[in-house]
Amino acid sequence: MKNIILKLTFLALIAFSGSNLLVAIGYNFNYMKCILYPVVILGTIAVIYFNRALFNDETHIEVFGLLLFVLIAVCYIVAGRGIYSVNYYSVCLFPLLYSTLLKYSEKSQTVFVFLKRTCFVFFIINSTIAILERLFLKNLLPNIGDDVILDFSQEEGFRSLGLMGHPLNGAFFTATMTLFVLFSYLKTRQKLILFFMGITSLFCYNSRAAILGVGMGTVAYFLRNLLFDKTLKSRLYLIIGGIIFICIIKYLLESGLGDRLVDFGTDKSSEVRSDNLMVLYFLSIKDLLFGLNNNEVYYATLKYGGTTSIIENPWINYILRYGLVFLCILVIFYGYYFYNQIKDGKKYGYLIIFFVWLIVQSSNNGFSAACDTSIVLLMTLLFVFKHINRHEKLN
């Protein structure tokens, strides 16, 4: 039963991260409602089906995290501050409940195969749609935000949507998956096909942070192998591959793909993000450490959110809502959690992926939006590729 719960939860999470698929099959749902489905599914089922068997020595980090974040939530509520309940649950509690299911299914081959196939199939379909959208300069699946069709085709250059409802969401998943593929033990042909498909679709999403992040990760991959791979043949292949990679990136930029990358720092989006930083200057030490109440956050967002009335920086949003103390606790906890997951694996590759993940995350307001699924996606990809690397290395 728990393996079925895990499969259904991840399938709902990855399929309904955006509203595109629901709209395509005739359900015109508000974006924020559809993204809640994975959270509601796991949250409801957890209350009904969870038992002590899930919480054992292997899940002590999850148990500690659940107790810690529940205690913090109680303190905020008792102090009359309140919490942003859906976001708090989706970032602080939902991933830990999901992690217990992953660990419970660690030895289940059927769960691994299902998650692996789901990730790869979704990645390929999502990337293919993004590339087709760019070729035809038309978003194939509409995006619904608050019941209004959002058209990205005329804003600062064409931007593909894929299946995740927003260019940043699609680019975020693609960038993370592409780096996992690059640092994996997949066969060379599979790796090259998936890697270049991911790179091409990133330029179609026209997301600067994702393109730069994957670029830095790729450079780190080549440097690592050039320095530590002692065979002349392997180094020659790496040099040739690096030259081909640079030529492809140059061609993509000259063809108009990723044109927002060239405008970095001079466009409206960059100006809004720099203006957002001004809000921290006017906070008192107490507000900086412990955050503002709901009304104060609302007015600060209106005042410093620019033309969009949105603070497009998740870390600033967390400081405003909960304060720097809470943000440090959140970062330290998840830093420890993910380090614990990779302590027996390829640390260099995983650390590069996490570093790029944070860079791209910092440009994506989704982390502090009403409901976020990025941590769970990272957990799932880590789970899948740890199994892939273990299997491929043995062969």
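Predicted model: local features only at pLDDT ≥ 70, side-chain atom pairs only at ≥ 80, totals over all residues.
The largest nonpolar core takes in 95 residues, and a search of the whole structure turns up one cavity of 30 Å³ or more.

**The nonpolar core**
- Five residues touch the most other members of the largest core: Phe69, Phe326, Leu330, Phe338 and Phe385.
- Helix α20, which runs over residues 374-394, gives this core its largest share, with eleven residues.
- Now zoom in on Phe385: if you skip its neighbours within four places in sequence, Phe385 is in contact with Phe120, Met177, Phe180, Val181, Ser184, Leu186 and Tyr350.

**The cavity**
- How do you spot a hole like this? Rolling a probe the size of a water molecule over the atoms shows where empty space is left.
- The largest cavity comes out at about 40 Å³ in volume.
- Its lining is made up of Phe180, Phe183, Lys346, Gly349, Tyr350, Ile353 and Asn389.
- Sort those lining residues by type and you get four nonpolar, two polar and one charged.
- Helix α19 (residues 347-362) supplies the largest share of the lining, three residues.

**A serine in a loop**
- Ser108 sits in the loop between α6 (85-104) and α7 (109-136).
- Is Ser108 buried or exposed? Ser108 counts as buried because its relative accessibility is 14%, and the cut-off for buried is under 20%.
- The Ser108 side chain also makes a polar contact with the side chain of Thr110, at 3.0 Å.

Terms used
Residues numbered from 1 in each chain as written. Heavy atoms only, no water. Core = buried A, V, L, I, M, F, W, Y, C linked by side-chain atoms within 4.5 Å. Buried < 20%, exposed > 50% of the residue type's maximum accessible area, 1.4 Å probe, protein only. Helix = DSSP H or I, 4+ residues; strand = E, 2+ residues; numbered from the N terminus. Contact = heavy atoms within 4.5 Å. 1 Å grid on protein atoms, 1.4 Å probe; cavity = no way out; pocket = protein on both sides within 12 Å on 5 of 7 lines; lining within 4 Å. Points joined across faces, edges and corners; volume = space filled by probe spheres on them. Nonpolar A, V, L, I, M, F, W, Y, C, P; charged D, E, K, R; others polar. Polar contact = N/O pair within 3.5 Å; in protein donor to acceptor, adjacent residues only side chain to side chain.
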